Amino acid sequence: MTHSTTVLVIGGGGTGVGTARDLAARGVDVTLVDRGGLGSGTSGRSHGLLHSGARYAEADPEGAAECIAENEILRDIAGHAIGDTGGIFVQLEDDDPDYFEAKLAGCREHGIDAEVIDGDEARERVPELGESVERAMVVPDGVIYPSRLVAANAQSAVDHGARVLTHAPVEGMTVDDGAISTVEVGGEVNETIVPEYVINATGAWAGELAAMAGVDVEMQPTKGVMVGVDYEGLGPVLNRCRVPDDGDIVIPHERQVVLGTTSVAVDDPDEYDEEQWEIEKMFEECAKMMPTLEGRDVARTYWGVRPLYAPDEAGRGSKDSGKGDERGISRGFFLLDHEADGVDNFASVVGGKLTTYRMMAEATADHVAEILGVDAESTTASERLPGVDDPDELDRLVAEYSARQPADEDVVADRSDAAAADD
């Protein structure tokens, strides 16, 4: 079977579904395919931090400004796809006070609300904090539930006329006269798609997908572990106020906290070692902020792979971005128009952060709309996502799009049996 579409988006993570939503809302005929359920790559295996921009405030003004702007937009449009927990950066006895001051100055310069409190007040607000906390900075961080966010974006795309196909791996492409003419999709879909334009939004797998069109996109994926621990009642996101390193963040969920994360370069985003030392390091480091973690059992673990663009990583002088500036500086996103590589109707979007997925999608949609001669502008910053006022409806959408992923599986209801029954 053959299906024609104006724009084919390949990859159903945050950026992919966001782009499909944006273009469909402009009246463009869009089809999105993903090899698994939505969010099954990087988005659904992230730590799920809704960045305020404070993490990057001292090192990357542009990244910090993007984060706080998108943070505020998501609070308006995403409802129960986010948790409005707030966040706190804590300075321990061994941490550099100058780094704290630099981050505070950056927050104030870039419009990120930041309140400084001493160690005693920090422990009054967050009893889990240890005695080694000397002072803290309160910032508007939050939590993203990626499964819900991705599913709501997909439904919005469908509501605007898009076609969203899961369990639909791309198995090949044909390039004729400098353009992709057909894309073979297997799995449950098993059809040939004839696109006018193709967007590669496959994240860490962008290199493999681009190679099908004879294009070189060099990625440098890095793995990171997240450890779920049963723990109710932690209020804000906890961040260690030091040069970014392993085990410097604790994300609160409803009945668990998620400890993160490591950063280790891998050759293959599908094949890498899941190592015990990474899990142990999370407890060791996060317990310095939150001693009540000591002695607790692991409830679950999962690893994610960051979609890092290799030329950008090379410019940082680091392959394993384990600590320091190479890890801490906000990595931007890159929109690669492959007309320069001899394929006129093909672009890849790589890098970035889940917090800024909507901005990345808007920029990608702007690029494609200009090529297609579409005059309509983006509406995604003001249009509220469907279902977000009702957690049950969001979880129904998650099941419909096979979007329940490890990052928030302890929060999202398991409706697999109901979804199977509906099928």
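Biologist: How do H1 and H10 lie relative to each other?

Modeller: Two packed helices are described by the angle between their axes and the distance between the axes. H1 and helix H10, residues 357-372, pack at an angle of about 50 degrees, and their axes are 8 Å apart. H1 and H10 are therefore oblique to each other. Angles under 35 degrees count as roughly parallel, over 145 as roughly antiparallel, 65 to 115 as roughly perpendicular, and the rest as oblique. The axes are lines fitted to C-alpha atoms, for helices over the stretch in contact, and the angle between N-to-C directions runs from 0 to 180 degrees. Helices (H or I, at least four residues) and strands (E, at least two) are DSSP runs, numbered from the N terminus.

This is a predicted model, in which local features need pLDDT of at least 70 and side-chain atom pairs count only at pLDDT 80 or more, while totals for chains, interfaces and linings use all residues. Residues are numbered from 1 along each chain as its sequence is written, and side-chain values use heavy atoms, with hydrogens and water left out.

Biologist: Is the crossing of H1 and H10 left-handed or right-handed?

Modeller: The crossing of H1 and H10 is right-handed. On the H1 side the contact (heavy atoms within 4.5 Å) is made by Gly-14, Thr-15, Gly-18, Thr-19, Asp-22 and Leu-23, and on the H10 side by Tyr-357, Met-360, Ala-361, Glu-362, Thr-364, Ala-365 and Val-368. By class, the contact of H1 with H10 has six nonpolar, five polar and two charged residues. Ala, Val, Leu, Ile, Met, Phe, Trp, Tyr, Cys and Pro count as nonpolar, Asp, Glu, Lys and Arg as charged, and the others, Gly among them, as polar.

Biologist: At what angle do H1 and H5 pack?

Modeller: Helix H1 (residues 14-25) packs against helix H5 (residues 146-159) at about 25 degrees, with the axes 8 Å apart. That makes H1 roughly parallel to H5. The crossing of this pair, H1 and H5, is left-handed. H1 contributes Gly-14, Val-17, Gly-18, Ala-20, Arg-21 and Ala-24 to the contact, and H5 contributes Val-150, Asn-153, Ala-154, Ser-156 and Ala-157. The contact of H1 with H5 comprises six nonpolar, four polar and one charged residues.

Biologist: How near do the axes of H5 and H11 come, and at what angle do they cross?

Modeller: The axes of H5 and H11 come within 8 Å and cross at roughly 80 degrees. That makes H5 roughly perpendicular to H11. Ser-147, Arg-148, Ala-151, Ala-152 and Gln-155 of H5 meet Pro-391, Leu-394, Asp-395, Leu-397, Val-398 and Glu-400 of H11 in this contact. Its residues, in the contact of H5 with H11, are six nonpolar, two polar and three charged.

Biologist: Let us turn to strands. What is the order of the open sheet of three strands?

Modeller: Two strands pair if DSSP finds at least two bridges between them. The open sheet has the order E3-E8-E4, with antiparallel pairing. Strand E3 (49-50) and strand E4 (82-83) stand at the edges, each with a single partner strand, so one side of each has no neighbour in the sheet. E4 is joined to strand E8 (residues 142-144) by two bridges, and the two run antiparallel. Ile-82 stands opposite Ile-144 in E8.

Biologist: How many residues lie between E10 and E11 in their hairpin?

Modeller: The hairpin of E10 and E11 has two residues between the strands, and Asp-177 in the turn has a positive phi of about 50 degrees. Strand E10 (residues 170-176) and strand E11 (residues 179-185) pair in the antiparallel sense over six bridges; Val-175 has Ile-180 in E11 as its bridge partner. E11 is also joined to strand E12 (residues 191-200) by three bridges, running antiparallel.

Biologist: Is Thr-31 buried or exposed?

Modeller: Thr-31 is buried, with a relative accessible area of 0%. Buried means under 20%, exposed over 50%, and partly exposed in between (1.4 Å probe, protein chains only). Thr-31 lies in strand E2 (residues 30-33). Arg-384, in the loop between H10 and helix H11 (391-400), is partly exposed at 37% relative accessible area.

Methods: Left-handed = near helix turned anticlockwise from the far one by under 90°.
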